[in-house]
Amino acid sequence: MQDARSLLQNVFGYPAFRGEQEQIVDHVASGGHALVLMPTGGGKSLCYQIPAMLRPGVGIVVSPLIALMQDQVSTLVELGVAAACLNSATLPEDVRDIERQARAGTLDMLYVAPERLLTPRFQSFLSQLDIALFAIDEAHCVSHWGHDFRPEYQQLGQLAEQFPTIPRIALTATADAQTQADILHFLHLGEARVFLSSFDRPNLFYQVVEKHNAKKQLLTFIQSEYPGVSGIVYCLSRKRVEDTAAWLSENGIRALPYHAGLSHEVREANQREFLREDGIVMVATVAFGMGIDKPDVRFVAHIDMPKSPENFYQESGRAGRDGLPAASWLCYGLNDMVQLNQMIQGSEMAELQKQVELTKLDAMLAFCETAGCRRQQILAHFGEASGACGHCDNCQHPPATYDATVVVQKLLSCIYRVGQRHGAGHVVDVLLGRSNQSVTSFGHDTLSTFGVGRELNQRGWRSVVRQLVARKLIEVDIVRGQSLVLTDACRPVLRGEEKVYLRPVADETKTRAGGERWLRTEREERLWQTLRRWRKQVADEHNVPAYAVFSDRTLRQLIEDKPGSRKELARIYGLGELKLARYGEALLRLLREAQDEA
Ligand code: ADP
Ligand code: ZN
């Protein structure tokens, strides 16, 4: 019998297990139950795939999204693993065939949706099988608390009574204590061992920029840092999704829209295209993304502020699952904060829930406005201590905070003098001494604070306003026309008893969002393009996504290491035995030709 490590190397082509994978695989392969909490891209799939292959019988994998099961299965089949899925799109003759293979014991893994698993028909089918394990992916769907509640998931607990001796492994990237408790409770995993990994994503580069013209800023970001790669852009509204996708397309970027207002067919088609093709930018509302396991998404951009650090972490975490450098780019302004605040206040939620949401929104703003390391801040939100990452925007260019007490006092007293009845735009106009119509019509050009703030420009003042909102020295009153109002906390500052340190407006152009960028020589670039074209052709022939043939990381290592023989090729990341046998000769030929040309 093969052991776990040789399966990892021979089938998947990976040199070593990551983090806790090995302990999890050993535990489940020897019959234990497990709850695995690992960040997106951490490598959860191997934790059940390898035990399913090691143990006799078929591994039953419960997965909530039909569209994505197929891609998981394609990737496994490309590796030579006997995997299949059953869903509403499976043809009846294929269903019979797959069921026959499962009964005959020639199938390693079978993916099903929870609805199907729970039907009497499927239950009786299960009773005829030799089952290796049950894997319950995206297990947070069991919890009301989580963001993707699915009622069927709660019934999966019955597997414990039906199949008491078969190991069950639940997996999720959502770590909060409430969700965790719900998973253990509803899935009857009381005896399971819990494997909690660090939620750090060391290959993610975080950058936050201040919004002045989001679409233009986004375009510049993509053109200068990430041209021609796959990315996701999150927007707050459907209309903004449409606008932004159209704007990117007009500017020569292959962009597709995705939101709940589009027909099911269009959404499916766009999602498929994004998964399969190389270099598409998906512009979407948060309706897009659960279960998206495209490994080579190079950036996730938010052009509106997410409503909580949890949402932000989940969404930005869809970048860089392959472990190569990737960026999370967030563009936000005070209006985002106001808009989200209005959405929460105006919603049907119970009062207590509203308070929870508002607290999360505050934490999100604090993340945006921090002068410290972004990674540290986000992990601290999840209760995890960590060092500074060294490559986020603030780590690259630590903002030198300055004593802004006088500036802050000017702003606070100006807010007071305009009667706490005006928004940020008006207050800033007064500070800058702009006698426009609104200012004169209220007689605010005669105030003592009129024109006392010329040391900063408009952007500078807006930044001060946001930082003070983040620190709760002022609030935006969304009921009364977004007026700025003072809080009790600002009294000691106004009286001169407390100093305030702020950071100046960041220069976003100084920061490189590429993290460690892979600089290719011209020759390497040509080879890269050749390999990508070849990969696309093979993927089309096999009708699978490009990454199921080879990941970017494999292509990169091929170019860097330039293997000249089968033996050297076997050391490349992602080249297992089947792929070596299938593609080894073709790859060596392509590499040789590139060598000759040069
Ligand atoms: P998750 O489900 O936790 O988000 P995946 O299981 O999809 O993550 O894994 C993310 C990526 O990392 C995939 O491309 C996978 O093949 C790769 N991967 C997983 N484990 C390893 C490993 N031990 N070595 C190298 N690559 C790995
Ligand atoms: Zn940092």
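Trainee: Where does Lys562 sit?

Mentor: Lys562 is in the loop between α26 (552-561) and α27 (566-569). Bear in mind that this is a predicted model.

Trainee: What is the phi of Lys562?

Mentor: Lys562 has a phi of about 40°, which is positive although the residue is not a glycine.

Trainee: Why does Lys562 count as partly exposed?

Mentor: Because its relative accessibility is 33%, and partly exposed covers what lies between the 20% limit for buried and the 50% limit for exposed.

Trainee: And Lys472, where is that?

Mentor: In the loop that runs between α22 (458-470) and β15 (474-477). Lys472 is another residue other than glycine with a positive phi, near 65°. Its relative accessibility is 40%, so Lys472 counts as partly exposed.

Trainee: New topic. How many helices and strands are in the chain?

Mentor: The chain has 28 helices and 17 strands. Its radius of gyration is 27 Å, close to the 25 Å from the globule rule for 598 residues, so the chain is as compact as a globular protein of that length.

Trainee: What does the C-alpha trace span along its principal axes?

Mentor: About 90 × 65 × 45 Å.

Trainee: How much of the chain counts as buried?

Mentor: 54% of the 598 residues. The accessible surface of the chain is about 25,500 Å², and carbon and sulfur atoms account for 50% of that.

Trainee: What share of the contacts joins residues at least 24 apart?

Mentor: 73%, counting contacts between residues at least 6 apart in sequence.

Trainee: Now the rings. How many aromatic pairs are there?

Mentor: The count is 18 aromatic pairs. One of them is Tyr206 with Phe312, a tilted pair with 6.0 Å from centre to centre and 40° between the planes.

Trainee: Where in the chain do Tyr206 and Phe312 come from?

Mentor: From distant parts of it: Tyr206 belongs to strand β8 (residues 204-210) and Phe312 to helix α14 (residues 309-316), so to speak 106 residues apart.

Trainee: Are Tyr206 and Phe312 buried or exposed?

Mentor: Both Tyr206 and Phe312 are buried.

Trainee: Which residues form an aromatic cluster?

Mentor: Phe221, Tyr226, Phe299 and Trp329 form one.

Technical notes: Residues numbered from 1 in each chain as written. Chains lettered and ligands numbered in written order. Predicted model: local features only at pLDDT ≥ 70, side-chain atom pairs only at ≥ 80, totals over all residues. Heavy atoms only, no water. Helix = DSSP H or I, 4+ residues; strand = E, 2+ residues; numbered from the N terminus. Rg over C-alpha atoms; globule rule 2.2 N^0.38 Å. Buried < 20%, exposed > 50% of the residue type's maximum accessible area, 1.4 Å probe, protein only. Contact = heavy atoms within 4.5 Å. Areas by Shrake-Rupley, 256 points an atom, 1.4 Å probe, with all protein chains shown as cover. Phe/Tyr/Trp six-rings, centres within 6.5 Å; stacked < 30°, edge-to-face > 60°.
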